[in-house]
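Hello,

Here is the structure I promised to pass on to you. Please have a look at it, and below you will find my notes on what turned up.

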Amino acid sequence: MDIEKKLKNIFPVKKGMITKEEKENLLKQKGIVLWFTGLSGSGKTTLALNVERELYTSGYLTQLLDGDNIRSGLNKDLSFSEADRLENIRRIAEVAKLFANCGIITFTTFVSPTIKIRNVAKQIIGENLFFEIYVNAPLEVCEQRDVKGLYKKARAGEIKDFTGIHQPFEPPVNPFLEIRTDKMTIEAATDKILRQILPKIRYN
(Lines give C-alpha, C1' and ligand atoms only; values in the text may rest on other atoms or scores of the structure.)
Protein backbone atom coordinates (compact mmCIF):
# COMPACT_ATOMS: atom_id res chain seq x y z
CA MET A 1 0.00 0.00 0.00
CA ASP A 2 1.54 3.34 -1.04
CA ILE A 3 1.54 6.43 1.17
CA GLU A 4 -1.35 8.18 -0.60
CA LYS A 5 -3.63 5.15 -0.18
CA LYS A 6 -2.60 4.79 3.45
CA LEU A 7 -3.35 8.46 4.18
CA LYS A 8 -6.87 8.07 2.79
CA ASN A 9 -7.58 5.66 5.65
CA ILE A 10 -6.28 7.97 8.39
CA PHE A 11 -8.66 10.37 10.13
CA PRO A 12 -6.92 12.59 12.73
CA VAL A 13 -9.15 13.42 15.71
CA LYS A 14 -9.57 17.13 16.46
CA LYS A 15 -13.17 17.77 17.45
CA GLY A 16 -13.72 17.46 21.18
CA MET A 17 -10.02 17.36 22.10
CA ILE A 18 -8.83 19.56 24.95
CA THR A 19 -7.06 22.53 23.38
CA LYS A 20 -3.53 23.80 23.95
CA GLU A 21 -5.00 26.94 25.50
CA GLU A 22 -7.05 24.92 27.99
CA LYS A 23 -3.99 22.93 29.03
CA GLU A 24 -1.91 26.08 29.36
CA ASN A 25 -4.64 27.52 31.57
CA LEU A 26 -4.41 24.42 33.77
CA LEU A 27 -0.61 24.68 34.04
CA LYS A 28 -0.47 28.50 34.09
CA GLN A 29 2.33 28.53 31.55
CA LYS A 30 2.84 28.68 27.78
CA GLY A 31 4.10 25.62 25.93
CA ILE A 32 7.01 26.30 23.56
CA VAL A 33 9.99 24.42 22.09
CA LEU A 34 13.54 25.58 22.79
CA TRP A 35 15.62 24.03 20.02
CA PHE A 36 19.29 23.90 21.07
CA THR A 37 21.60 23.38 18.09
CA GLY A 38 25.39 23.32 17.79
CA LEU A 39 28.40 21.07 17.45
CA SER A 40 28.94 18.08 19.70
CA GLY A 41 30.72 19.39 22.77
CA SER A 42 29.42 22.93 22.40
CA GLY A 43 27.43 22.60 25.64
CA LYS A 44 23.86 22.12 24.39
CA THR A 45 22.79 19.51 26.92
CA THR A 46 24.64 21.07 29.86
CA LEU A 47 23.07 24.44 29.18
CA ALA A 48 19.57 23.03 28.58
CA LEU A 49 19.77 21.05 31.83
CA ASN A 50 20.71 24.19 33.74
CA VAL A 51 17.90 26.24 32.26
CA GLU A 52 15.41 23.42 32.81
CA ARG A 53 16.44 23.11 36.47
CA GLU A 54 15.96 26.84 37.02
CA LEU A 55 12.50 26.73 35.47
CA TYR A 56 11.56 23.65 37.47
CA THR A 57 12.53 25.29 40.76
CA SER A 58 10.33 28.24 39.74
CA GLY A 59 7.33 25.96 39.30
CA TYR A 60 7.34 25.37 35.53
CA LEU A 61 6.62 21.97 33.97
CA THR A 62 9.32 21.03 31.46
CA GLN A 63 10.60 18.14 29.32
CA LEU A 64 14.08 17.71 27.89
CA LEU A 65 14.56 15.60 24.75
CA ASP A 66 18.27 14.86 24.34
CA GLY A 67 19.84 13.55 21.14
CA ASP A 68 21.65 10.58 22.69
CA ASN A 69 18.63 9.58 24.76
CA ILE A 70 16.34 9.66 21.73
CA ARG A 71 18.80 7.70 19.59
CA SER A 72 19.02 5.00 22.26
CA GLY A 73 15.25 4.57 22.24
CA LEU A 74 12.75 6.04 19.80
CA ASN A 75 15.30 6.49 17.00
CA LYS A 76 17.69 3.61 17.66
CA ASP A 77 16.90 2.23 14.21
CA LEU A 78 18.43 5.27 12.47
CA SER A 79 21.98 5.77 11.22
CA PHE A 80 23.81 9.06 10.68
CA SER A 81 23.26 9.18 6.93
CA GLU A 82 21.73 12.35 5.53
CA ALA A 83 18.34 10.68 5.08
CA ASP A 84 18.33 9.22 8.59
CA ARG A 85 19.45 12.51 10.15
CA LEU A 86 16.45 14.14 8.52
CA GLU A 87 14.13 11.39 9.78
CA ASN A 88 15.67 11.69 13.25
CA ILE A 89 14.78 15.38 13.36
CA ARG A 90 11.35 14.85 11.80
CA ARG A 91 10.40 12.37 14.50
CA ILE A 92 11.71 14.44 17.39
CA ALA A 93 10.02 17.56 16.04
CA GLU A 94 6.71 15.71 16.04
CA VAL A 95 7.31 14.59 19.63
CA ALA A 96 8.35 18.09 20.73
CA LYS A 97 5.21 19.51 19.13
CA LEU A 98 3.06 17.09 21.15
CA PHE A 99 4.68 18.21 24.40
CA ALA A 100 4.35 21.92 23.51
CA ASN A 101 0.70 21.39 22.63
CA CYS A 102 0.22 20.07 26.17
CA GLY A 103 1.52 23.39 27.50
CA ILE A 104 4.89 21.92 28.44
CA ILE A 105 8.12 23.90 27.98
CA THR A 106 10.15 21.53 25.82
CA PHE A 107 13.93 21.46 25.36
CA THR A 108 15.57 19.63 22.46
CA THR A 109 19.34 19.20 22.25
CA PHE A 110 20.36 17.97 18.81
CA VAL A 111 23.28 18.84 16.56
CA SER A 112 20.74 19.24 13.72
CA PRO A 113 23.59 20.37 11.47
CA THR A 114 21.88 21.90 8.45
CA ILE A 115 19.53 24.80 7.88
CA LYS A 116 17.27 22.45 5.90
CA ILE A 117 16.93 20.03 8.80
CA ARG A 118 16.16 22.79 11.30
CA ASN A 119 13.61 24.31 8.91
CA VAL A 120 11.85 20.94 8.78
CA ALA A 121 11.63 21.02 12.58
CA LYS A 122 10.34 24.60 12.56
CA GLN A 123 7.65 23.78 10.00
CA ILE A 124 6.45 20.78 12.01
CA ILE A 125 6.46 22.53 15.38
CA GLY A 126 5.19 25.87 14.12
CA GLU A 127 7.13 29.10 13.81
CA ASN A 128 5.31 30.65 16.77
CA LEU A 129 6.38 27.81 19.08
CA PHE A 130 9.91 27.22 17.75
CA PHE A 131 12.76 29.11 19.44
CA GLU A 132 16.18 28.26 18.03
CA ILE A 133 19.13 28.62 20.40
CA TYR A 134 22.52 28.39 18.72
CA VAL A 135 25.06 27.08 21.22
CA ASN A 136 28.21 28.28 19.53
CA ALA A 137 31.73 27.17 20.32
CA PRO A 138 34.62 26.84 17.83
CA LEU A 139 35.43 23.36 16.59
CA GLU A 140 38.84 23.43 18.30
CA VAL A 141 37.19 24.18 21.65
CA CYS A 142 34.61 21.42 21.21
CA GLU A 143 37.36 19.03 20.21
CA GLN A 144 39.44 19.97 23.26
CA ARG A 145 36.48 19.27 25.51
CA ASP A 146 35.56 16.02 23.71
CA VAL A 147 33.59 14.90 26.76
CA LYS A 148 32.26 11.82 24.96
CA GLY A 149 35.47 10.94 23.11
CA LEU A 150 33.67 11.25 19.78
CA TYR A 151 36.13 13.59 18.07
CA LYS A 152 38.99 11.27 18.90
CA LYS A 153 37.09 8.34 17.38
CA ALA A 154 36.15 10.42 14.32
CA ARG A 155 39.78 11.44 13.77
CA ALA A 156 40.78 7.78 14.06
CA GLY A 157 38.21 6.75 11.46
CA GLU A 158 36.08 4.83 13.95
CA ILE A 159 33.09 7.14 13.35
CA LYS A 160 32.00 8.21 9.89
CA ASP A 161 29.89 11.19 8.82
CA PHE A 162 30.74 13.06 12.02
CA THR A 163 29.65 16.71 12.02
CA GLY A 164 32.57 19.10 12.24
CA ILE A 165 35.06 16.53 10.94
CA HIS A 166 33.50 14.82 7.92
CA GLN A 167 30.32 16.83 7.56
CA PRO A 168 29.85 20.60 7.85
CA PHE A 169 27.72 22.40 10.43
CA GLU A 170 25.62 25.21 8.99
CA PRO A 171 25.18 27.96 11.60
CA PRO A 172 21.69 29.40 12.01
CA VAL A 173 21.18 32.60 10.02
CA ASN A 174 18.87 34.33 12.48
CA PRO A 175 18.52 32.32 15.71
CA PHE A 176 16.35 33.43 18.59
CA LEU A 177 19.52 33.43 20.69
CA GLU A 178 23.22 32.75 20.16
CA ILE A 179 25.24 31.60 23.16
CA ARG A 180 29.05 31.58 22.97
CA THR A 181 29.98 28.94 25.50
CA ASP A 182 33.69 29.56 24.90
CA LYS A 183 33.24 33.14 26.14
CA MET A 184 30.47 32.86 28.77
CA THR A 185 30.16 30.96 32.01
CA ILE A 186 27.33 28.47 32.29
CA GLU A 187 25.72 30.74 34.89
CA ALA A 188 25.82 33.79 32.62
CA ALA A 189 24.54 31.81 29.64
CA THR A 190 21.70 30.35 31.70
CA ASP A 191 20.71 33.80 32.92
CA LYS A 192 20.75 35.19 29.37
CA ILE A 193 18.41 32.46 28.13
CA LEU A 194 16.05 32.80 31.09
CA ARG A 195 15.71 36.55 30.60
CA GLN A 196 14.65 35.99 26.99
CA ILE A 197 12.31 33.03 27.40
CA LEU A 198 10.44 33.96 30.58
CA PRO A 199 8.24 36.48 28.74
CA LYS A 200 7.39 33.72 26.22
CA ILE A 201 6.24 31.19 28.81
CA ARG A 202 4.53 33.34 31.43
CA TYR A 203 0.78 32.84 31.53
CA ASN A 204 -1.15 36.12 31.43
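**Around isoleucine 133**

Beyond its neighbours within four places in sequence, isoleucine 133 is in contact with Leu34, Trp35, Phe36, Thr37, Leu177, Ile179 and Ile193. Please keep in mind that this is a predicted model.

Ile133 also belongs to the largest nonpolar core, which has 21 residues. Together with Leu34, Phe36, Leu55, Ile105, Phe107 and Ile193, Ile133 touches the most other members. At least two residues of this core come from each of strand E1 (33–37), helix H3 (44–57), strand E3 (105–109), strand E4 (130–136), strand E5 (177–180) and helix H9 (186–201). H9 gives the largest share, five residues. There is also a second, separate core of 16 residues, with Ile70, Ile89, Ile92 and Phe130 among them.

Now to the sheet. It is open and built from five strands in the order E2-E3-E1-E4-E5, with parallel pairing. At the edges sit strand E2 (62–66) and E5, each pairing on one side only. On average, neighbouring strands are turned by 20 degrees against each other, direction ignored. E4 and E5 run parallel and are joined by four bridges; asparagine 136 has arginine 180 in E5 as its bridge partner.

Two helices are worth a look here. H3 packs on the sheet and touches E1, E2, E3, E4 and E5, with its direction at about 165 degrees to that of E3. H9 lies across E1, E3, E4 and E5, and runs at about 165 degrees to E5.

Conventions:
Residues are numbered from 1 along each chain as its sequence is written. This is a predicted model: local features need pLDDT of at least 70, side-chain atom pairs count only at pLDDT 80 or more; totals for chains, interfaces and linings use all residues. Side-chain values use heavy atoms; hydrogens and water are left out. A nonpolar core is a set of buried Ala, Val, Leu, Ile, Met, Phe, Trp, Tyr and Cys residues joined through side-chain atoms within 4.5 Å. Buried means under 20% relative accessible area, exposed over 50%, partly exposed in between (1.4 Å probe, protein chains only). Contact means heavy atoms within 4.5 Å. Two strands pair if DSSP finds at least two bridges between them. Axes are lines fitted to C-alpha atoms, for helices over the stretch in contact, and angles run from 0 to 180 degrees between N-to-C directions.
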